[in-house]
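Welcome, and thanks for taking a look at this one with me. Here are a few notes to read alongside the model.

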Amino acid sequence: MSVYQATASAPVNIACIKYWGKRDTKLILPTNSSLSVTLDQDHLRSTTTSRADPSFEKDRLWLNGKEEEIKEGGRLATCIKEMKRLRREVEEKSPSEPKLSSFAVHIASRNNFPTAAGLASSASGFAALVSSLAALYKLPATPSELSLISRQGSGSACRSLFGGFVAWEMGSAADGSDSYAVEVAPQSHWPDIHALICVVSDDKKGTSSTSGMQRTVETSPLLQHRIKNVVPERMKAISEAILAKDFDTFARITMQDSNQFHAVCLDTDPPIFYMNDVSRSIIALVTEYNRVSVENGGKLKAAYTYDAGPNAVIYAPKENLKEIVSMIIRYFPQAEPFKDPFGLFANESLGSG
Ligand code: PMV
């Protein structure tokens with residue numbers, strides 16, 4: 001008996017130009033383009049196994065061991081349905097292929113980090129789901145084509161189908177056919193840039209991105225200014241900075257865009273607060289660190305960015321990482337010892353608090 005099963009994993013991506021706002025909530029079409037960096041370490045990934053079997057009665061999904069409901073017409077159901085549609089195309093072209101599109105699927109997904117804490121778990125989750133079904137169904141689809149489907153699970157998930165520096169072009173077609181992710185540059189183009197994740201809190205976030213975005217679109221005048229007058233210019237400038245490996249410009253735009261995203265949240269009625277006092281203290285610390293460098297004739301050394309949660313992501317060239325980690329550890333009590341994947345502090349003892 002044949003077993004039809006495939007496993008795929010996808011990493012988290014963290015946006016430098018934030019996606020916030022939908023022009024079509026069903027198809028998940030954004031009000032602006034966005035750009036992110038996909039993290040390539042093993043620490044923040046979703047891994048998903050999909051199996052198709054004629055004995056399965058219905059599609060089922062388990063997230064971190066707990067079964068989740070696949071609501072009819074919901075995002076999970078949409079992604080699974082779209083993937084089965086692509087499989088049917090394969091079966092029509094090659095009639096000898098097993099009719100997997102007619103079997104139900106069982107899907108098991110696991111995140112190796114806290115779910116829904118502003119660490120983009122939905123991005124890696126839907127990207128891994130779509131990738132595992134693409135492998136199961138042996139689809140000849142490109143990452144951009146698959147991104148059209150993962151986008152309908154969670155907007156930011158379309159960007160996790162590529163590594164490195166990735167843009168999500170908002171597109172203009174009403175059916176969403178030109179709203180997909182493209183690679184700006186592979187990670188190997190600029191391997192020197194690293195992301196330091198500072199988990200300020202791993203609680204589940206208060207306002208989901210879906211309801212937050214909707215409220216912002218309905219009430220924030222600042223969002224309209226951002227969409228029309230700010231993001232298009234920033235997308236162009238940050239893409240050029242990435243291609244030129246210009247960290248100074250990359251960092252400046254990344255921090256400006258994080259600030260404007262949170263300003264737009266504050267401009268929402270009623271306002272949304274994702275950052276807390278610790279988040280703001282990390283901003284102050286990075287700002288001071290950069291100020292001292294610039295005053296001494298140097299350049300920006302680090303860039304903070306925050307998604308829909310209090311956790312900081314600090315982008316920096318590798319040469320500055322040790323200094324930044326030492327600074328964070330010194331000013332913020334650590335609940336857990338620093339995980340040191342690069343051995344920055346090999347043979348040194350690090351205080352835990
Ligand atoms: O894809 P969603 O619905 O989880 O929204 C993500 C929104 C932000 O993380 C705040 C920004 C972004 O572009 O990832």
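1. One of its oxygen atoms is 2.9 Å from an N or O atom in the side chain of S209, a polar contact (a pair of N or O atoms within 3.5 Å). Taken alone, the ligand exposes 380 Å², and the protein buries 93% of that; these areas come from the Shrake-Rupley method with a 1.4 Å probe.

2. A word on the source: this is a predicted model, where local features need pLDDT of at least 70 and side-chain atom pairs count only at pLDDT 80 or more, while totals for chains, interfaces and linings use all residues. Residues are numbered from 1 along each chain as its sequence is written, and side-chain values use heavy atoms, leaving out hydrogens and water.

3. S122 places a polar side-chain atom 3.3 Å from an oxygen atom of the ligand, and a polar backbone atom of G155 is 3.4 Å from a ligand oxygen atom.

4. Which residues come nearest to the ligand? They are Y19, S154, S156, R159 and S209, out of 14 around it; a residue is near if one of its heavy atoms lies within 4 Å. Domain 1 (4-187) and domain 2 (194-331) each supply at least three residues of the shell, with domain bounds from an automatic or database assignment.

5. Finally, the cysteines. The structure holds zero disulfides (pairs of cysteine sulfur atoms within 2.5 Å). For C79, the nearest cysteine sulfur, that of C158, is 11 Å away.

Terms used
Polar contact = N/O pair within 3.5 Å; in protein donor to acceptor, adjacent residues only side chain to side chain.
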